[in-house]
Amino acid sequence: MDHSGHGMMMMDMPPFTLGRGLQYSSEPFFLIGCLLALGLYGWGVVRLRRRGDAWPVGRIVAFVAGVLTVALVMCTKLNDYGMVMFSVHMVQHMVISMLSPILLLLGAPVTLTLRALPTAGRGRKGPRELLVSLLHSRYMRIITHPAFTIPLFIASLYALYFTPLFDFLMETKTGHIAMMVHFLAVGLVFFWPIMGVDPGPHRPGYVMRMLELFAGMPFHAFFGIALMMASEPMIGTYMHPPASLGIDPLEDQQAGGGIAWAFSEIPSVVVLLALVLQWYRSEQRQARRFDRAADRDGDKELTAYNAYLASLQSRGQ
């Protein structure tokens, strides 16, 4: 019996290979979403450039890479195989919830939107003003606070995979799309305050951001280990894969657990590198501000300190 929700088409799928998995497969919802994201981001960059404002190339590269990673796992046959193979599904999940959000956030889409949108007239509220209001709303303060983001990040694994909810969502194409959108949204909400590139109501210091990152990552590793150590298939959807795939469901589940365990290290390294770079640049900017202030006031602080040392020396004589 086919549990995939994609009908009899899945019954005749050939054994998985990377070449077959990377073939194009239309998923209209995510294809339109990816094209729309690239189009709007490109509009924002062009608008800034025409105005004479610069926009870092690195941010463009990061955002485009983020959109392409979503397209890679949702608009190829990886998405089809992910309906019947847990290991492939776990690749989709890890990429769309942990790699894509980081790359998208490094592209600073909120900052670009705020800079590209025109300001409304006095006393009026346009799209830019509404976005600013949303960023400073109580709702945003709640959903970006670590007391909300960390439990949500953890519950998205355990409450979904280890309850009947996963099988219910996988019964229909709509449910599967909703689940993938949820993974992407949770990743964006979790990493947004940690990355700290875009403005937001919750802006912790660099050390606190690292603590938030490491508070969530171990649970991904534990989740993967639990799947690897299981002695029988735990998820109903993948208990009866099509015979044409030639796979054992328990071995496939253990492979998926290994992917979840190993993948948890990747975002940690990427985010840590980004945070260290941001921290370094912040220190450099602060040092330049101090230098400019010293140039303006003739370095009064140093002069006062030298006078203080001289007074101590005179007292000691």
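The following dialogue goes through selected features of a predicted model.

Me: How should I read the confidence of this model, and where is it lowest and highest?

Reply: Begin with the average and then turn to individual elements. The mean pLDDT of the protein is 84, and 86% of the residues score at least 70. Helix α15 (residues 300-316) has the lowest confidence, with a mean of 63, whereas helix α3 (residues 57-74) has the highest, at 96. Over residues 1-8 the pLDDT falls below 50, and this stretch has 19 contacts in the model beyond near neighbours in sequence.

Me: How many disulfides does the structure hold?

Reply: A disulfide is a covalent bond between the sulfur atoms of two cysteines. In this structure there are zero disulfides. C34 takes part in none, and the nearest cysteine sulfur, that of C75, is 5.1 Å away.

Me: How many salt bridges are present, and which residues form a pair?

Reply: Side chains of opposite charge can pair when their charged atoms come close. The structure holds one salt bridge. D53 pairs with R51, and their closest N and O atoms are 3.0 Å apart. D53 is partly exposed, with a relative accessible area of 26%, and R51 is likewise partly exposed, at 44%.

Me: What surrounds S97, and where does its side chain reach?

Reply: S97 lies in helix α5 (residues 86-106) and is buried, with a relative accessible area of 4%. The side chain of S97 reaches the backbone oxygen of H93 at 2.7 Å. Not counting residues up to four places away in sequence, S97 touches F183, G187 and F191.

Me: Helix α12 contains H220. Is H220 buried or exposed, and which residues does it touch?

Reply: H220, in helix α12 (residues 206-229), is buried, with a relative accessible area of 2%. Leaving out residues up to four places away in sequence, H220 touches M94, M98, F153, L157, A260 and S264.

Me: M228 is in that helix as well. What is its accessibility, and how far is M228 from W261 in space?

Reply: Separation in sequence and separation in space are read as two quantities. M228, in helix α12, counts as partly exposed at 33% relative accessibility. M228 and W261 are 33 residues apart in sequence, with a C-alpha to C-alpha distance of 9.0 Å. W261 is also one of the residues in contact with M228, alongside Q254, G257 and G258, once neighbours within four places in sequence are left aside.

Definitions and conventions
Residues are numbered from 1 along each chain as its sequence is written. This is a predicted model: local features need pLDDT of at least 70, side-chain atom pairs count only at pLDDT 80 or more; totals for chains, interfaces and linings use all residues. Side-chain values use heavy atoms; hydrogens and water are left out. A disulfide is a pair of cysteine sulfur atoms within 2.5 Å. pLDDT is the predictor's confidence in each residue, from 0 to 100. Helices (H or I, at least four residues) and strands (E, at least two) are DSSP runs, numbered from the N terminus. Contact means heavy atoms within 4.5 Å. Buried means under 20% relative accessible area, exposed over 50%, partly exposed in between (1.4 Å probe, protein chains only). A polar contact is a pair of N or O atoms within 3.5 Å; within protein, one must be able to donate a hydrogen and the other to accept it, and residues adjacent in sequence count only if both atoms are side-chain atoms. A salt bridge is a side-chain nitrogen of Lys or Arg within 4 Å of a carboxyl oxygen of Asp or Glu.
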